[in-house]
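Here's a quick tour of a model, written for someone who likes to know the cut-offs behind each term. Have the viewer open while you read.

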Amino acid sequence: MVEDGGDARRPHGELVADVLAVLWAAEGPLTPQQINAGLDRDLARTTVTTILTRLYEKGTVVRNREGRGFAYAAADDAAGLAAGRMRRELEREPQRDLVLKRFVSSLSGDDEEALRRLLLESGAGE
């Protein structure tokens, strides 16, 4: 890890994950200042605002005007975000069948059974 003035730099994505955790735990939208307070770190206000702006541009968070700034909320829960990442990866691949086959073959027995059950349940609702 790189040392910078005595403070170890955070691994890529750790701060983003922490920001999302604060938003998921909140009962409503939060301002960057409220999120920064929830992080319990000594971060510059602009650092949190930059992260939130990037997450907004990706569609990971939503925002609404609050005073002269914005209040932010997570667009989805953790499972929804993971599912969205999986879907985007699959959409980029021209050999979707092969990707799905390799994915399913890499699942544990319990996960494979859960996937089978979910597929049956989603097909029964049609």
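By the distance rule used here, the count comes to six salt bridges, a salt bridge being a side-chain nitrogen of Lys or Arg within 4 Å of a carboxyl oxygen of Asp or Glu. Before going on, a word on the ground rules: this is a predicted model, so local features need pLDDT of at least 70 and side-chain atom pairs count only at pLDDT 80 or more, while totals for chains, interfaces and linings use all residues. Residues are numbered from 1 along each chain as its sequence is written, and side-chain values use heavy atoms, with hydrogens and water left out.

**Charged pairs**

Side chains of opposite charge can pair when their charged atoms come close.

| Asp18 and Arg41 | 2.2 Å | helix H1 (residues 14–25) and the loop between H2 and H3 |

The helices in the table are DSSP runs of H or I with at least four residues, numbered from the N terminus. Asp18 and Arg41 sit 23 residues apart, so that pair links distant parts of the chain. Asp18 has a relative accessible area of 24% and is partly exposed; that class lies between buried (under 20%) and exposed (over 50%), with a 1.4 Å probe and protein chains only. Arg41 falls in the partly exposed class too, at 28%.

Arg92 is exposed at 59%, whereas Glu89 is partly exposed at 48%. Arg117 comes out partly exposed at 44%, and Glu121 partly exposed at 47%. Salt bridges with shared partners also tie Glu14, Asp18 and Arg41 into one network.

**How H2 and H3 meet**

How do helix H2 (residues 32–39) and helix H3 (residues 45–58) cross? Their axes come within 9 Å at roughly 110°, where axes are lines fitted to C-alpha atoms over the stretch in contact and angles run from 0 to 180 degrees between N-to-C directions. The two helices are therefore roughly perpendicular, a label covering 65 to 115 degrees. On the H2 side, Pro32, Gln33, Ile35, Asn36 and Leu39 meet Arg45, Val48, Thr49 and Leu52 of H3; contact here means heavy atoms within 4.5 Å. By class, this contact has five nonpolar, three polar and one charged residues.

**The core, and a buried threonine**

The largest nonpolar core has 16 residues, of which Val19, Leu23, Ile35, Leu39 and Leu52 touch the most other members. Such a core is a set of buried Ala, Val, Leu, Ile, Met, Phe, Trp, Tyr and Cys residues joined through side-chain atoms within 4.5 Å. H1, H2 and H3 each supply at least two residues of this core, and the largest share, five residues, comes from H1. Leaving aside neighbours within four places in sequence, Leu52 is in contact with Val19, Leu23, Pro32, Ile35, Val61 and Tyr72.

Is Thr31 buried or exposed? At 12% relative accessibility, Thr31 counts as buried, and its place is the loop between H1 and H2. Beyond four places in sequence, Thr31 is in contact with Glu66, Phe70 and Ala71.

Key: Angles under 35 degrees count as roughly parallel, over 145 as roughly antiparallel, 65 to 115 as roughly perpendicular and the rest as oblique. Ala, Val, Leu, Ile, Met, Phe, Trp, Tyr, Cys and Pro count as nonpolar, Asp, Glu, Lys and Arg as charged, and the others, Gly among them, as polar.
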